[in-house]
Amino acid sequence: MTPLRQPEVTTLTGSGTKAPRVPRELRVVRWAAAGIAPLIAALAVLGGLGSFTTIRQMAEPHFGGLAWIVPVGMDVGILILLAWDLLMEYLDLPWPVLRWVAWLYIAGTVLVNVSAAHGSFVGSVMNAAMPVLFITVVEGVRHLIRRWVGLTSASRVERVPTARWALAPISSLLLWRRMILWHITEYRQGLELQHRHLAAVSQLQQDYGRWSWRWRAPLADRLALNRLSGAEAVSWDRPEESASDDGRFDDQLMDITRQLHKEAEREGVQLRRDQLGRRLRERGFTIANYRLTQMIAAVRAESARRRS
């Protein structure tokens, strides 16, 4: 097998060890974040200043000279909630309640400002424009973080596309339910298992009747419908137990994945799915995304067992 390229390193550090060079794409992301972060902060400040006077005037009858606390507290609280939400997304520990509460407070400030426009359509649009723009920008950042973390995380469950929800809501709900119940992380793998489930149900309907198969079919056959998803999802957790004639876990692919995982550990980063797929394609392999994710998960499990 062709040996893998060793990671490039920089000069010796003060301790005499070689420091890994930061990947190019990570440097680009850092520069982009450094340039965008001040703009987002400026947008938040401008939005807060725009509604400060209106909210303060609305709060004066209740707070008197301390009315300024209300708009400042709301704006600071919104920023804290959104910043905490983005941090949780980055750590792959999302908690949507933070974002929902922040949206609720933003909606409240928009309603107060719109009421101050006294029915003017232009004034209402101008008061709502800045908060909507801010939410859009923050959601764009959150989506970027989700996608970035999803490339390195083997546990993130992909979303069912919105277009599929609109065109086939019932089957999309069943697909989403199966992915959540059996923790199927890849959308395409979920589609494949959904197709296999429907094919198995169709066979039972043909053998035992369109509706009566639910009680006429043997219990083992009915339980097999659930195992159809569970066995497929669990089998990848133990690669040494899941080898089969169809080449599901090829030793050569796993060797390449282990070597790339070791290189990534030496660089202090996690092995990403796109990186593994690119390196495998360079060697002539074609493999589905869900298998890439499962191989990475298996290698990480092996590494964790060795460390323990």
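Helix H7 has 22 residues, which at 1.5 Å a residue should span 32 Å, and the distance of 31 Å between its end C-alpha atoms agrees with that expectation. The model is a predicted one, and its chain holds twelve helices and two strands. Read from the N terminus, the order of elements is β-β-α-α-α-α-α-α-α-α-α-α-α-α.

- The buried residues of H7 are Tyr-187, Gln-189, Gly-190, Leu-193, Gln-194, His-197, Val-201 and Leu-204; seen down the helix axis they fall within an arc of 145 degrees, so they line one face of H7.
- An α-helix has 3.6 residues a turn, so residues three or four places apart point the same way.
- On the face of H7 turned away from the buried side, the exposed residues are Arg-188, His-195 and Gln-206.
- After H7 comes Gly-209, which has a positive phi, near 110 degrees.

**Packing of H6 against H7**

- Helix H6, residues 169–181, packs with helix H7, residues 187–208, at an angle of about 110 degrees, and the two axes are 10 Å apart. Because angles of 65 to 115 degrees count as roughly perpendicular, that is how H6 stands to H7.
- From H6, the residues Ser-171, Leu-174, Leu-175, Arg-178 and Met-179 take part in the contact, and they meet Tyr-187, Gly-190, Leu-191, Gln-194 and His-197 of H7.
- Sorted by class, the contact of H6 with H7 comprises five nonpolar residues, four polar residues and one charged residue.
- Tyr-187, Gly-190, Gln-194 and His-197 of H7 take part in this contact, and these four residues are also among the buried residues of H7.

**Helix H2: length, faces and end**

- Helix H2, residues 69–90, has 22 residues that should span 32 Å at 1.5 Å a residue, and its end C-alpha atoms lie 31 Å apart, in agreement with that value.
- Its buried residues are Val-70, Pro-71, Met-74, Asp-75, Ile-78, Leu-81, Leu-82, Asp-85, Leu-86, Met-88 and Glu-89. Viewed down the axis of H2, these buried residues fall within an arc of 165 degrees, so they line one face of the helix.
- The face of H2 turned away from that buried side carries Ile-80 and Tyr-90 as exposed residues.
- Just after H2, a positive phi of about 60 degrees is found at Asp-92.

- When neighbours within four places in sequence are left aside, the contacts of His-261 are with Leu-271, Val-299, Arg-300 and Ser-303.
- Gln-259 also has its place in helix H10, but Gln-259 is partly exposed, with a relative accessible area of 33%.
- Between Gln-259 and Val-299 there are 40 residues of separation in sequence, while their C-alpha atoms are 9.7 Å apart in space; Val-299 is also one of the residues in contact with His-261.

**The chain as a whole**

- Of the 308 residues in the chain, 34% are buried.
- Among contacts in the chain with a separation of 6 or more, 58% are between residues 24 or more positions apart.

Terms used: Residues are numbered from 1 along each chain as its sequence is written. This is a predicted model: local features need pLDDT of at least 70, side-chain atom pairs count only at pLDDT 80 or more; totals for chains, interfaces and linings use all residues. Side-chain values use heavy atoms; hydrogens and water are left out. Axes are lines fitted to C-alpha atoms, for helices over the stretch in contact, and angles run from 0 to 180 degrees between N-to-C directions. Angles under 35 degrees count as roughly parallel, over 145 as roughly antiparallel, 65 to 115 as roughly perpendicular and the rest as oblique. Contact means heavy atoms within 4.5 Å. Ala, Val, Leu, Ile, Met, Phe, Trp, Tyr, Cys and Pro count as nonpolar, Asp, Glu, Lys and Arg as charged, and the others, Gly among them, as polar. The expected span of a helix is 1.5 Å times one less than its number of residues. Buried means under 20% relative accessible area, exposed over 50%, partly exposed in between (1.4 Å probe, protein chains only). The arc is that of the directions from the helix axis to the C-beta atoms.
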